[in-house]
Amino acid sequence: MALKAGIVGLPNVGKSTLFNALTKAGALAANYPFATKDPNIGVIQVPDERLDKLVEYVQPKSTVPTTVEIVDIAGLIKGASQGEGLGNQFLANIREVDAILHVVRCFDDGNIVHVDGSVDPVRDKEVIDLELQLKDLEVLGKRIEKQKKQTKSGDKVEIKLLDFLESLYHFMEEGRSAREFDVKDDQHELLNELGLLTAKPVLYVCNVDEESVKTGNAYSNTLSAAVQGEDAGVVLVSAAIESEIAQLETLEDQLLFLEEMGLEKPSSHDLIAATYKLLNLITYFTAGEKEVRAWTIRDGWKAPQAAGVIHTDFEKGFIRAEVIGYDDYETYESEAAVKEAGKLRVEGKDYIVKDGDVMHFRFNV
């Protein structure tokens, strides 16, 4: 899967610190605007307790988790839609990602400069929103002028398309994002073709201080309230904590650190899981003595498509899939016991793969 999420936000909100902690990629993280000029790309493992359980049951020779790709994009400032700062580069980089992780500063620290002089997460969010909306309005305006020429023939389909474009334009003129627009079933493909920045799914990442990572603070609460009407999630992360965890070499040291902080797991685990979901991804597993492996597919894919991520021959020559629901595997703790209990299912080409399915494919080429 080539899908990827982009980390965006104002300068100095903790984007690169968080990116480094997630990927251990060593991107420059500095206390001044535009420390990140070119996008840094990293791959992060998706933590999954189900994979750990399958490894426990099967005892394979190797284990392969699933991953998600993230991009650390240069910080944005007011006027980016007109090319201010690194605006044009920033916006072009966002256009290349499939989802947005919008990092918002929700902590006080006099040693870290804020580009606007004070901490205000709602204002910061609105700066990003406005610049993306202005760029989208520019794109829509050009498309509408082109579409008007297409309607001169009186073609009803072309007129309907113009109506959609103009309705979306007027909606966005009110300061709204394209992802909030009520799109009919037959309009989704058109919206995708437009490639609008504000049509991309978004997850707000509140970068909080260490004391607020479990319950949040006044800043994160204000932001959560402000985005309540949007189709978007909110997660709490302390980039400072994640950075410290990333520097610890052993799992034992990491667990001890988490215990001292009163945490059961790194907050980044929730962020990664939410990112995976934001990209509309699910996981299925293959499990054998040689390898237990997690595979990434789009939610809604059928069995042949899922088989194709292993090898294209699996999809071309697909015959059937032998499927064990993860809950059944957890209950009986072995494939043999699942079969004995009559819980292994044989599914055909129209089977829609469910998150957590343990699968074995039969094919012929």
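Is Glu 138 buried, partly exposed or exposed? Glu 138 is partly exposed, with a relative accessible area of 33%. Hi everyone, and please keep in mind that this is a predicted model.

Let me stay with Glu 138 for a moment. Its salt-bridge partner is Lys 142, with the closest N and O atoms 3.6 Å apart. Both residues sit in helix H4, four residues apart, which is about one turn of the helix. Lys 142 is exposed, at a relative accessible area of 57%.

Now to the other end of H4. Helix H4 covers residues 121-150 and helix H7 covers residues 218-226; their axes come within 8 Å and cross at roughly 45°. H4 and H7 are therefore oblique to each other. On the H4 side, the contact is made by Pro 121, Val 122 and Lys 125, and on the H7 side by Tyr 219, Thr 222, Leu 223 and Ala 226. By type, the residues of this contact are five nonpolar, one polar and one charged.

Glu 230 lies in the loop between H7 and strand S7 (233-237), while Lys 125 is in helix H4, so the pair ties together parts that are 105 residues apart in sequence. Are these two partners buried or exposed? Lys 125 is buried, with a relative accessible area of 6%, and Glu 230 also counts as buried, at 13%.

How many salt bridges does a search of the whole structure find? The search finds 17. One of particular interest to me joins the side chains of Asp 355 and Arg 50, at 3.1 Å from N to O. Asp 355 is in the loop between strands S11 (345-347) and S12 (358-363), and Arg 50 is in helix H2 (residues 49-58), so this pair ties together parts 305 residues apart in sequence. Asp 355 is partly exposed at 44%, whereas Arg 50 counts as buried at 18% relative accessibility.

Last, the nonpolar side. The largest nonpolar core has 52 residues, and those with the most contacts inside it include Ile 94, Leu 132 and Val 205. Beyond its neighbours within four places in sequence, Ile 94 is in contact with Val 8, Ile 73, Ile 100, Leu 132, Leu 197 and Lys 200. A second, separate core has 17 residues, among them Phe 164 and Leu 190.

Key. Residues numbered from 1 in each chain as written. Predicted model: local features only at pLDDT ≥ 70, side-chain atom pairs only at ≥ 80, totals over all residues. Heavy atoms only, no water. Axes fitted to C-alpha atoms, helices over the stretch in contact; angles between N-to-C directions. Helix = DSSP H or I, 4+ residues; strand = E, 2+ residues; numbered from the N terminus. Parallel < 35°, antiparallel > 145°, perpendicular 65-115°, else oblique. Contact = heavy atoms within 4.5 Å. Nonpolar A, V, L, I, M, F, W, Y, C, P; charged D, E, K, R; others polar. Core = buried A, V, L, I, M, F, W, Y, C linked by side-chain atoms within 4.5 Å. Buried < 20%, exposed > 50% of the residue type's maximum accessible area, 1.4 Å probe, protein only. Salt bridge = Lys/Arg side-chain N within 4 Å of Asp/Glu carboxyl O.
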